[in-house]
Amino acid sequence: MPTVIRKILTAALTIMLLPLWSSTAQAESAQKARITLDRDVEILRSTTSELLRKTLALTAGAKRHLRGRLETTSSTTGIIGMTSRIKCVGPTGTPVGVIAASARNHEGHDTNTYATPGHLPIYADLLLTAPVTGAYTCYLYGSAYSTLTGEHHLTAVAGNTWLEVSDTDQAGASWWQNPSCESADPDGRCTYVGDGTAAQDAWVFYRDGTPVQKWQAHPAAATVSAQANLELTTCYKGTASCADTMEEYARGRNAVVDLRFEFIQLDRTGHACRTHSTSTRRTVTDDAHHYAAYLRLSDLRIESDCGTRTFLMRVYVKHVSGQTIKIDGTQKGVTSLTNGIAFNNF
């Protein structure tokens with residue numbers, strides 16, 4: 001049965017993107033502290049549940065990488081939407097930066113296409129930059145949405161649901177996010193790839209109507225790493241998650257897309273000098289409806305011959321077949337569903 005993923009949003013400050021260097025910089029691959037859910041937690045329909053929290057003592061300008069994993073089981077064979085969110089608040093209790101989110105429909109406890117039958121994990125990543133010195137508390141939330149009748153719920157699985165925080169300053173790390181794109185796209189701002197009036201391909205973080213963001217690797221960095229979380233949504237007829245004009249086919253057709261994640265070191269003229277990339281083909285079913293692709297390039301050498309330490313991040317998305325795909329972005333200016341992070345490795 002179809003379900004509508006609705007977003008519960010909280011106001012937040014815009015995250016800073018300028019590089020902040022530290023004389024005590026640590027590697028991106030430094031140890032991460034993990035806190036794990038110690039008991040199963042039921043997430044009732046149309047509710048958001050706090051699952052984990054971590055308090056950090058940070059100095060102004062310090063950066064931390066947070067990664068949350070939400071694994072759930074379902075009480076039904078029907079479809080229940082699920083969303084994972086990471087949100088941080090500052091010393092005064094007000095939100096800091098954006099809320100990082102990831103979403104997908106749980107297709108039922110009898111689903112055998114997951115790595116563990118009936119168990120669906122999704123991840124969210126956030127780069128937190130402390131605007132002032134003080135205590136910051138970061139939360140992992142889980143939400144459930146459904147149009148099913150009766151009492152149904154998801155259960156966050158103890159042991160397999162966790163929140164990770166880097167132990168040390170991620171000096172000079174930077175954050176990318178997709179432009180504004182509301183769930184139902186009433187203003188037609190979202191990017192689509194597919195048939196009909198949609199384009200056949202698109203560039204995420206590049207040629208999206210916003211200035212191209214370039215990143216300077218730290219002068220002392222030996223290598224760099226980059227990652228991107230890409231949220232994709234199928235636009236079947238009748239969904240409330242796409243512009244009506246982008247809905248070409250009835251539910252059940254599914255979609256196939258090719259993805260290519262690129263992290264490019266530029267030369268002195270601003271052109272590509274060395275391109276690092278990884279490619280994959282993904283299928284997004286109409287039952288899953290939302291799908292997060294997690295892309296990563298690790299330990300990339302900084303080429304001195306390029307003449308700069310400037311990098312550009314982008315993701316190429318090409319429609320192969322089936323439903324039109326919406327590339328989700330930032331909702332209400334605070335909840336980021338498609339984002340990237342660049343790290344220095346010292």
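**Disulfides, sheet and cores**

Cysteine 138 counts as buried because its relative accessibility is 0%, where buried means under 20% relative accessible area, exposed over 50% and partly exposed in between, computed with a 1.4 Å probe on protein chains only. The model is predicted, so local features need pLDDT of at least 70 and side-chain atom pairs count only at pLDDT 80 or more, whereas totals for chains, interfaces and linings use all residues. Residues are numbered from 1 along each chain as its sequence is written, and side-chain values use heavy atoms, with hydrogens and water left out.

Cysteine 138 is joined by a disulfide (a pair of cysteine sulfur atoms within 2.5 Å) to cysteine 88, with an S to S distance of 2.1 Å. This pair links distant parts of the chain, since cysteine 88 lies in strand S5 (residues 80-89) and cysteine 138 in strand S8 (residues 134-145), 50 residues apart; strands here are DSSP runs of E with at least two residues, and helices are runs of H or I with at least four, numbered from the N terminus. The link is right-handed, with 110 degrees about the S-S bond, and cysteine 88, like its partner, is buried at 0% relative accessibility.

Cysteine 273 belongs to strand S17 (residues 272-284), while cysteine 306 sits in the loop between S18 and strand S19 (310-322). Cysteine 273 is partly exposed, at 32% relative accessible area, whereas cysteine 306 is buried at 3%.

S21 and S22 run antiparallel and are joined by 2 bridges, and threonine 330 stands opposite serine 336 in S22.

Serine 336 is buried, at 0% relative accessibility, and a polar atom of its side chain lies 3.5 Å from the backbone oxygen of threonine 338. Beyond residues up to four places away in sequence, serine 336 touches several others, including Ile99, Trp175 and Thr330, contact meaning heavy atoms within 4.5 Å.

The largest nonpolar core has 38 residues, and those with the most contacts inside it are Leu66, Leu126 and Leu128; such a core is a set of buried Ala, Val, Leu, Ile, Met, Phe, Trp, Tyr and Cys residues joined through side-chain atoms within 4.5 Å. Strand S7 gives the most to this core, with 6 residues. Leucine 66 touches both Cys88 and Cys138, and also Leu126 and Leu128 among others. Apart from this core lies another, of 32 residues, among them Trp176, Phe261, Val284 and Leu295.

Asparagine 254, in the loop between strand S15 (223-234) and strand S16 (255-266), has a positive phi of about 65 degrees although it is not a glycine, and is partly exposed at 24%. Aspartate 299, in strand S18 (residues 290-301), likewise has a positive phi, near 55 degrees, and is exposed at 53%.

How values were computed: A polar contact is a pair of N or O atoms within 3.5 Å; within protein, one must be able to donate a hydrogen and the other to accept it, and residues adjacent in sequence count only if both atoms are side-chain atoms. Two strands pair if DSSP finds at least two bridges between them.
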